[in-house]
Amino acid sequence: MELVSGAPLNAVLSSSTSDADLGLFGGRQRPNLIGDPNTSGSDADRAASANQPSVRWFNASAFTNPGIGQYGNAPRTIGDARYQFRKNVDLVLAKATRFAGNQIGEIRFEILNLTNTPKFGNYPTINAVNLSGFGRVDVQAGFMRIWQLSFRYRF
């Protein structure tokens with residue numbers, strides 16, 4: 001079993017805006033946090049797909065540009081705004097039988113991703129709140145359920 005908490009959101013402004021506003025030479029200006037950046041719904045509801053291309057994991061309207069020469073109030077990472085909490089359960093059943101001498105036969109039945117839970121990717125590549133792709137999660141990074149049956153003979 002694997003349980004991994006989602007990475008916290010690191011919201012910034014794009015480098016072109018940051019350079020113009022504060023002259024940070026490639027650094028990133030933080031926006032002002034004015035609301036809750038989380039969207040509602042299940043993981044599947046918050047992930048973009050062909051049927052719902054405009055869905056976002058995070059809400060860009062929760063942020064504003066602090067203005068020229070101003071530092072934003074958003075923290076480096078927002079602990080209450082996290083990407084997907086990943087959970088994975090694998091199941092392995094194995095039976096080994098000893099034959100004459102050192103010969104061993106083994107049968108294994110494995111199910112990887114037992115619960116068939118999707119894992120999403122494409123983050124945190126677009127963390128600039130003023131870009132159109134901010135908060136969009138549209139890539140499945142994991143794999144679907146896999147069943148395996150294997151035999152092994154050792155001598």
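Colleague: Which residues have the most contacts inside the largest nonpolar core?
Modeller: Leu9, Phe58 and Phe63, in a core of 15 residues. A nonpolar core here is a set of buried Ala, Val, Leu, Ile, Met, Phe, Trp, Tyr and Cys residues joined through side-chain atoms within 4.5 Å. Buried means under 20% relative accessible area, exposed over 50%, and partly exposed in between, with a 1.4 Å probe and protein chains only.

Colleague: Before I go on, what kind of model is this?
Modeller: This is a predicted model, in which local features need pLDDT of at least 70 and side-chain atom pairs count only at pLDDT 80 or more, while totals for chains, interfaces and linings use all residues. Residues are numbered from 1 along each chain as its sequence is written, and side-chain values use heavy atoms, with hydrogens and water left out.

Colleague: Back to Phe58, then. What is Phe58 in contact with?
Modeller: Leaving aside neighbours within four places in sequence, the contacts of Phe58 include Leu9, Pro37, Ala81, Tyr83 and Phe134. Contact means heavy atoms within 4.5 Å.

Colleague: How are the rings of Phe58 and Tyr83 arranged?
Modeller: That is one of 5 aromatic pairs in the structure. The centres of the Phe58 and Tyr83 rings are 4.9 Å apart and their planes are at 85°, so the pair is edge-to-face. Rings of Phe, Tyr and Trp (its six-membered ring) pair if their centres lie within 6.5 Å; planes under 30 degrees apart count as stacked, over 60 as edge-to-face and the rest as tilted.

Colleague: And which parts does the pair tie together?
Modeller: Phe58 lies in the loop between helix H2 (43-46) and strand E4 (63-64), and Tyr83 in the loop between strand E5 (78-82) and strand E6 (86-88), so the pair ties together parts that are 25 residues apart in sequence. Helices (H or I, at least four residues) and strands (E, at least two) are DSSP runs, numbered from the N terminus.

Colleague: Are Phe58 and Tyr83 buried or exposed?
Modeller: Phe58 is buried, and so is Tyr83.

Colleague: What about Ala11, where does that sit?
Modeller: Ala11 is in the loop between strand E2 (8-9) and helix H1 (15-22). Ala11 is buried, at a relative accessible area of 0%. Ile126 is 115 residues away along the chain, with 9.1 Å between its C-alpha atom and that of Ala11.

Colleague: Changing topic. How many bridges join E7 and E8?
Modeller: There are 8 bridges between E7 (residues 91-98) and E8 (residues 104-112), and the two strands run antiparallel. Two strands pair if DSSP finds at least two bridges between them. Arg98 has Ile104 as its bridge partner in E8. E7 and E8 form a hairpin with 5 residues between them, and Gly101 in the turn has a positive phi of about 70°.

Colleague: Last one. How many helices and strands are there in the protein?
Modeller: There are 2 helices and 11 strands. The radius of gyration is 23 Å, well over the 15 Å that the globule rule gives for 155 residues, so the protein is more spread out than a compact globule. That radius is taken over C-alpha atoms, and the globule rule is 2.2 Å times the number of residues to the power 0.38. Of the 155 residues, 31% count as buried.
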